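Welcome! Please take a first look at the sequence and the model below, and then we will walk through a few of the features together.

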Amino acid sequence: MSASRNALKFVWLEVTGLCNEFCDHCYADSSPKGTHGTMTVEDWLRVIDQLADMGTLDIQFIGGEPALYPNLPALIRHARGSGLSVEVFSNMTHIRDELWETFTDCGVRLAMSHYSDASEEHDAVTMLRGSHRRTRANVEKALSLNIPLRGGVVAVREGQRVQEAARDLTALGVGMVGGDRTRAFGRASKSAAPTIGDLCGHCAHEKCAIGPTGDVWPCVLGRFLNIGNVLNSPLSEIWGGDRMAEVLADITAVHGEGAQSCTPPQFLPMCGPCGPCVPSVGHCDPAESDSAATIGSPA
């Protein structure tokens, strides 16, 4: 599909692989041992300029934990000044005062993950003592500042209190709460090699992801399908280029023209074909289900 017929509307910017949590289901294999990669602040600013020139509408800063990236406020302000809509996906455990100010000044939206209403169970998933308490406190602060916030509950363990976790977020005032199951990527793959069949089939359709070393992927999960590197070529040449065409052909060969399996994690409606499932569903295949539900209502 040519770039003219496949406009780049949404991009994940993975600014760091560093995370203060060590969830064993992390698709990005982020951890306290992660790094900010080889992309400099100037590199990210240049990418943001390129996205604005290409007519991109929305970006989401991810990690790792993007709040641990020291130059995130500068990138957010530059992106908003360039006319891009900004969301930050955070575990909500480590948000410094400068970030809160940036979020409110720039009209940033937040998204976050939650695992249980019980602190012991939540902390056991994140492997960070006190993460439940800190996440919950920062959810309350975000809402008190009228920052748009959506949450999601990932079912990662048998018997996990996913419904209770979703109700907990709703009771706090989070307007949209979605759910998902563990995906076999990163640490969750248990060292199994990723395959195109594990993807949803909508990769590189109006979206892509850029990692901390400049690699461009068709989505956050498809990082094993490199379509270029922004340190070597402008994004406008990578998007719709020969390598991307090859990757799209490989994806289509497996999935056909439509998605055959669930939407990816992180509760992103732009991935289609349906919205996030409630945690109790645990599995949503468009071939088997006509619709999916969300807990709560849109903010």
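A nonpolar core is a set of buried Ala, Val, Leu, Ile, Met, Phe, Trp, Tyr and Cys residues joined through side-chain atoms within 4.5 Å, where buried means under 20% relative accessible area (1.4 Å probe, protein chains only). This is a predicted model, in which local features need pLDDT of at least 70, side-chain atom pairs count only at pLDDT 80 or more, and totals for chains, interfaces and linings use all residues. Residues are numbered from 1 along each chain as its sequence is written, and side-chain values use heavy atoms, leaving out hydrogens and water.

The largest nonpolar core holds 73 residues, and Leu13, Phe61, Ile76 and Phe103 have the most contacts inside it. Not counting residues up to four places away in sequence, Phe103 touches Ile76, Val88, Ile95, Val108, Leu110 and Ile147 (contact means heavy atoms within 4.5 Å).

Next come the helices (DSSP runs of H or I, at least four residues). In helix α1 (residues 41-53), the buried residues are Val41, Asp43, Trp44, Val47, Ile48, Gln50 and Leu51. After α1 comes Gly55, with a positive phi near 85°. The elements in this table are among those covering the buried residues of α1.

| Element | Residues |
|---|---|
| β1 | 10-14 |
| β2 | 58-62 |
| α2 | 72-81 |
| β7 | 207-210 |
| α7 | 235-238 |

The strands here are DSSP runs of E, at least two residues.

Finally, Ser119, His122, Asp123 and Thr126 in α4 meet Ser131, His132 and Thr135 in α5. The residues of this contact divide into no nonpolar, six polar and one charged, with Asp, Glu, Lys and Arg counted as charged, Ala, Val, Leu, Ile, Met, Phe, Trp, Tyr, Cys and Pro as nonpolar, and the others, Gly among them, as polar.

Methods
Buried means under 20% relative accessible area, exposed over 50%, partly exposed in between (1.4 Å probe, protein chains only).
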